[in-house]
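Let me put the thing up on the screen and walk you through it.

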Amino acid sequence: MGQKVNPTGFRVGITEDWKSKWYAPKAAYGNFLVEDYRIRRMLDQRLNRKPPFAAVSDILIERTREEITITIKTARPGLVIGPKGAEVDKLREEVENMINRKVAPIKVIEIKNPDLNAQLVAEAISEQLKKRASFRRVLKQRMDGTMQAGAKGIRISVSGRLGGAEIARQEKSTTGSVPLTTLQADVNYGYAIAFTTYGTIGIKVWIYRGMYGDEAMVSETDVRPGGPVRRGRR
């Protein structure tokens, strides 16, 4: 049996926070869990799977007795918000109609450097593989971009019918250091699937951004692509 653990679940409660924050009695727990899944799936389909792609990496959900608060982390906040907030209001109404509960105004957080967000890097690789780009060249480009953005290490694993080969295989590529078992390390994890004409390709990305409490640590929300790297506490 494979001795694998989910990188996000491994760190929840230590360095990672919960993606959903609420308490529920036993009778309502299952319904709330399904609601969260449906909200995330609907927003992902609307914002990430249809052009223009909004580059959403995280959807955070909080519940109170009165309403649900949804926070969207995206590299392209203008597309999510729309002119005068029209798009984000439309999204809120759609979510309310789907779950029949009151939803607070949706919060949108900008990711200023998508090269430091593992989920967005994985999605970008997925899009390029769908266009039949050479996977080795794509991996090298993404790894170089992430290291230039200030990361201390990146590891990418792609598995499936790479290059349309008859037999599926797995290829891994690493630059810098990625301490996967050090819980005080800020290792960001992302997973995406590329649905190509010859089969599905799974993409996993780990980005090491520094140690918590380290002065030289970089964050996806305080570095602008192409600009000077601002370093500071997270």
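So, radius of gyration here is taken over C-alpha atoms, and the globule rule is 2.2 Å times the number of residues to the power 0.38. For 234 residues that rule puts a compact globule near 17 Å, and our chain comes in at 19 Å, which agrees. The C-alpha atoms fill a box of roughly 50 × 45 × 45 Å along the principal axes.

Quick caveats. This is a predicted model, so local features need pLDDT of at least 70 and side-chain atom pairs pLDDT 80 or more, while totals for chains, interfaces and linings use all residues. Numbering starts from 1 along each chain as its sequence is written, and side-chain values use heavy atoms, with hydrogens and water left out.

We've got 6 helices and 8 strands, counted as DSSP runs from the N terminus (helices H or I, at least four residues; strands E, at least two).

Now, the helix pair. α5 (residues 118-130) packs on α6 (residues 135-148) at about 155°, axes 10 Å apart; the axes are lines fitted to C-alpha atoms over the stretch in contact, and angles run from 0 to 180 degrees between N-to-C directions. That makes the two roughly antiparallel, the label for angles over 145 degrees. In contact terms (heavy atoms within 4.5 Å), Val121 and Ile125 are among the α5 residues involved, and α6 brings in residues including Phe135 and Leu139.

Last, the sheet: open, 4 strands, order β1-β2-β3-β4, mixed pairing, where a pair needs at least two DSSP bridges. β1 (20-21) and β4 (107-110) are the edge strands. β1 runs parallel to β2 (residues 56-63), joined by 2 bridges, and Lys21 has Glu62 as its bridge partner in β2.

Terms used. Angles under 35 degrees count as roughly parallel, over 145 as roughly antiparallel, 65 to 115 as roughly perpendicular and the rest as oblique.
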